[in-house]
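Let's work through a few exercises on the structure below. Try each task yourself before you read the solution.

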Amino acid sequence: MKALLIVLALAYSAEAKSIPQVAQIQTPIQADSTQWKEYAGKYKGVEGVFESFIVTIEDGKLMAEAIGQGKGELLASPNAADTFTVPGYEATIVFVRDADKKVTKYRMLVQGQQFEGDKL
């Protein structure tokens with residue numbers, strides 16, 4: 001019985017070593033919805049791709065919808081100002097500011113394509 005327990009313990013130990021480490025999951029940056037106000041609004045879409053790009057605040061979350069393409073939460077990048085990701089869409093959105101620091105447009109990189117549109 002003791003030998004069986006030693007064999008099981010060794011087998012478990014060997015199995016545990018072969019399990020790959022799980023990568024750390026990056027948690028989204030939480031922010032008060034007032035911090036998102038400058039991004040909210042309607043932006044020009046891309047002809048033939050989506051009619052318009054609308055950014056809203058819903059339940060304290062920054063949301064974006066490319067009309068006709070779907071809606072998703074924008075998660076702030078911890079490494080770059082005005083930069084967000086859209087999980088599930090493999091998209092990065094960068095909001096562009098003018099000399100007065102006002103948000104004037106967006107740039108979207110999604111699946112190897114880049115789109116941009118002015119804030120209306």
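## Exercises

Buried residues (under 20% relative accessible area with a 1.4 Å probe, protein chains only; exposed is over 50%, partly exposed in between) make up 27% of the 120 residues in the protein. Keep in mind that this is a predicted model, where local features need pLDDT of at least 70, side-chain atom pairs count only at pLDDT 80 or more, and totals for chains, interfaces and linings use all residues. Residues are numbered from 1 along each chain as its sequence is written, and side-chain values use heavy atoms, with hydrogens and water left out.

**Exercise 1.** Work out how many helices and strands there are in the protein.

*Solution.* Step one: find the DSSP runs, taking H or I of at least four residues as a helix and E of at least two as a strand, numbered from the N terminus. Step two: count them, and you get one helix and nine strands. Step three: read the order from the N terminus, which is α-β-β-β-β-β-β-β-β-β.

**Exercise 2.** Find which residues have the most contacts inside the largest nonpolar core.

*Solution.* Start with the rule: a nonpolar core is a set of buried Ala, Val, Leu, Ile, Met, Phe, Trp, Tyr and Cys residues joined through side-chain atoms within 4.5 Å. The largest such core has 22 residues, and F53, V55, L74, F95 and Y106 have the most contacts inside it. Next, see where the core comes from: β1 (41-46), β2, β3, β6 (83-86), β7 and β8 each supply at least two residues. β8 gives the most, with four. Finally, zoom in on L74: leaving out residues up to four places away in sequence, L74 touches (heavy atoms within 4.5 Å) V55, L62, M63, A64, F84, T85, V86, I93 and F95.

**Exercise 3.** D59 and D82 each have a positive phi. Decide for each one: buried or exposed?

*Solution.* First, some background: most residues other than glycine have a negative phi. Now take D59, which sits in the loop between β2 and β3 and has a phi of about 55 degrees although it is not a glycine. D59 counts as exposed because its relative accessibility is 80%. Then turn to D82, in the loop between β5 (75-76) and β6, with a positive phi of about 65 degrees, although D82 is not a glycine either. D82 has 15% relative accessibility, so it counts as buried.
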